[in-house]
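Visitor: Hi, I've just opened this one and I'm new to it. Can you walk me through what's there?

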Amino acid sequence: MDWTLLHPKLVHLPVALAVIMPLLTGGLLLAWWRGWLPKRAWLIGVLFQAALVGSGVAAMQTGEIDEDVVERVVADKYIDAHEDAAEVFVWAAAGVLLLSLGAAVVKPRPLSLGLAGATVAGALIVLGLGFQVGQSGGALVYEHGAPNAFIDGARARDTPPRLGDAR
């Protein structure tokens with residue numbers, strides 16, 4: 001399987017989850033605190049946060065693969081800025097995952113609710129960090145021409161002719 005160009009397909013999941021997580025964890029915390037849902041419902045948030053971290057790691061790994069190609073057309077400083085932002089995003093998301101796990105397993109209700117509140121606050125921070133990753137990734141594509149690194153003679157020859165092409 002050709003792993004290049006998988007990165008643009010994967011990056012949208014962690015960003016979408018970063019948008020959803022403050023709403024999801026906030027709603028779950030409110031429902032748990034008010035007694036509308038049992039504590040175990042918090043595990044939904046833990047699972048979604050784990051999906052955010054896992055998909056973030058996958059996006060970073062595929063970004064590393066594409067980096068070697070993109071370096072041919074984009075200055076290292078722009079790639080490094082995006083890579084650094086992605087690492088901070090994923091590490092912060094992992095920290096929020098630990099907070100959410102703590103809220104799920106700690107017994108005293110006030111402490112577990114406090115950890116859940118910290119999870120919601122952390123999810124808001126991760127959302128902001130996700131915005132920064134998206135900004136720098138968008139700049140690579142729309143300002144610095146990163147997709148042009150994948151357009152070359154070999155790929156053009158592999159593309160089937162379109163109707164009306166004189167090949």
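Visitor: Which residues form the negative surface patch?
Guide: Glu64, Asp68, Glu71, Asp76, Asp80, Asp84 and Glu87 form it. Asp and Glu count as negative, Lys and Arg as positive, while His and the chain ends are not counted. Patch members have over 30% relative accessible area and no salt bridge, with like charges joined within 9 Å and nonpolar side chains (Val, Leu, Ile, Met, Phe, Trp, Tyr) within 5 Å. A salt bridge is a side-chain nitrogen of Lys or Arg within 4 Å of a carboxyl oxygen of Asp or Glu. Each charge is placed at NZ of Lys, CZ of Arg, CG of Asp or CD of Glu.

Visitor: Which elements give two or more residues to the negative patch?
Guide: Helix 3 and helix 4 do. Helix 4 gives the largest share, four residues. Helices here are DSSP runs of H or I with at least four residues, strands are E runs of at least two, and both are numbered from the N terminus.

Visitor: Before I go on, what sort of model is this?
Guide: It's a predicted model, where local features need pLDDT of at least 70 and side-chain atom pairs count only at pLDDT 80 or more, while totals for chains, interfaces and linings use all residues. Residues are numbered from 1 along each chain as its sequence is written, and side-chain values use heavy atoms, leaving out hydrogens and water.

Visitor: What does glutamate 71 touch?
Guide: Asp76 and Ile79, once residues up to four places away in sequence are set aside. Contact means heavy atoms within 4.5 Å. Also, 8.3 Å separates the C-alpha atoms of glutamate 71 and alanine 146, which are 75 residues apart along the chain.

Visitor: And aspartate 84, where is that?
Guide: In helix 4. Aspartate 84 is partly exposed, at 45% relative accessibility.

Visitor: Changing topic: which residues form the nonpolar patch?
Guide: Leu30, Trp33, Trp36 and Leu37, with about 460 Å² of accessible area together. Areas come from the Shrake-Rupley method with a 1.4 Å probe, and for residues only the protein chains shown count as cover. Leucine 37 lies in the loop between helix 2 (12–34) and helix 3, and is partly exposed at 35% relative accessibility.

Visitor: Now serine 55: buried or exposed?
Guide: Buried, because its relative accessible area is 10%. Serine 55 belongs to helix 3 and touches Leu13, Pro14 and Leu17, not counting residues up to four places away in sequence.

Visitor: What about histidine 7, where is it found?
Guide: In helix 1 (residues 7–10). Histidine 7 is buried, at 17% relative accessibility. Beyond its neighbours within four places in sequence, it contacts Ala59, Thr62, Gly63, Asp66 and His82.

Visitor: Zooming out, how many helices and strands does the chain have?
Guide: Six helices and zero strands. Of the chain's 167 residues, 37% count as buried. The accessible surface is about 9800 Å², with 68% belonging to carbon and sulfur atoms.

Methods:
Buried means under 20% relative accessible area, exposed over 50%, partly exposed in between (1.4 Å probe, protein chains only).
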